[in-house]
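This briefing reviews selected side-chain interactions in a single structure.

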Amino acid sequence: QVQLVESGGGLAQAGDSLRLSCAVSGRTLSNYAMGWFRQAPGKEREFVGGIFRSSIITDYSDSVKGRFTISRDNAKNTVYLQMNSLKPEETAIYYCAAGAVVKKSGMDYWGKGTLVTVSS
């Protein structure tokens with residue numbers, strides 16, 4: 001079974017950048033499509049973006065398109081979420097997920113999340 005561990009969260013100011021990492025173990029990263037999701041306090045989990053196994057095709061929610069970038073390094077078994085121009089409303093726990101395909105409704109395997117706090 002695949003295990004996912006997120007890192008890179010922390011405190012940022014509005015307009016700052018952060019890069020989250022998701023380390024994959026137990027299985028080869030290249031076998032999976034990967035997604036990033038987030039859950040803000042009092043809100044439902046939402047899809048942020050995903051990257052297909054090909055590493056060429058990505059998909060993003062409209063709210064982050066143009067500011068966030070997902071990439072993967074199969075050799076390092078790691079997926080990244082580069083977040084630029086962060087907004088206070090993007091304060092949330094960010095989760096990495098894996099599955100056969102990118103599914104906005106949810107995926108098969110999940111990490112425990114990393115907290116991102118954006119102050120104004």
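The backbone oxygen of Y32 lies 2.8 Å from a polar atom of the R72 side chain. The model is predicted, and the distances and accessibilities below are computed from it.

- R72 belongs to strand β7.
- R72 is buried but has no salt bridge. The nearest side chain of opposite charge is that of D73, 8.6 Å away, whereas a salt bridge requires a separation within 4 Å.
- Leaving aside neighbours within four places in sequence, the contacts of R72 include L29, S30, Y32, A33 and M34. Also among them are I51, F52, R53 and S55, together with T78 and V79.

**N77 and the backbone of L29**

- N77 is located in the loop between β7 (68–73) and β8 (78–83).
- The side chain of N77 reaches the backbone nitrogen of L29 at 3.2 Å.
- Residues up to four places away in sequence not being counted, N77 touches C22, A23, V24, R27, T28 and L29.

**Aromatic pairs**

- The model contains four aromatic pairs.
- One of these is the edge-to-face pair of Y32 and Y109, with 6.0 Å centre to centre and 90° between the planes.
- Because Y32 lies in the loop between β3 (18–25) and β4 (33–39) and Y109 in strand β10 (residues 109–110), this pair ties together parts that are 77 residues apart in sequence.
- Y32 counts as buried at 11% relative accessibility, while Y109 is partly exposed at 26%.
- Y95 and W110 also form an edge-to-face pair, with 6.5 Å centre to centre and 80° between the planes.
- Y95 is in strand β9 (residues 92–99) and W110 in strand β10, so the pair ties together parts that are 15 residues apart in sequence.
- Y95 is buried, with a relative accessible area of 16%; W110 is partly exposed at 30%.

**Aromatic cluster and a charge over a ring**

- Y95 and W110 belong to one aromatic cluster with F37 and F47.
- The charged end of R45 sits over the ring of F37, a member of that cluster. The distance from this charged end to the ring centre is 5.6 Å.

Methods:
Residues numbered from 1 in each chain as written. Predicted model: local features only at pLDDT ≥ 70, side-chain atom pairs only at ≥ 80, totals over all residues. Heavy atoms only, no water. Phe/Tyr/Trp six-rings, centres within 6.5 Å; stacked < 30°, edge-to-face > 60°. Helix = DSSP H or I, 4+ residues; strand = E, 2+ residues; numbered from the N terminus. Buried < 20%, exposed > 50% of the residue type's maximum accessible area, 1.4 Å probe, protein only. Lys NZ or Arg CZ within 6 Å of the ring centre and 35° of its normal. Polar contact = N/O pair within 3.5 Å; in protein donor to acceptor, adjacent residues only side chain to side chain. Contact = heavy atoms within 4.5 Å. Lys, Arg positive; Asp, Glu negative; His and termini not counted.
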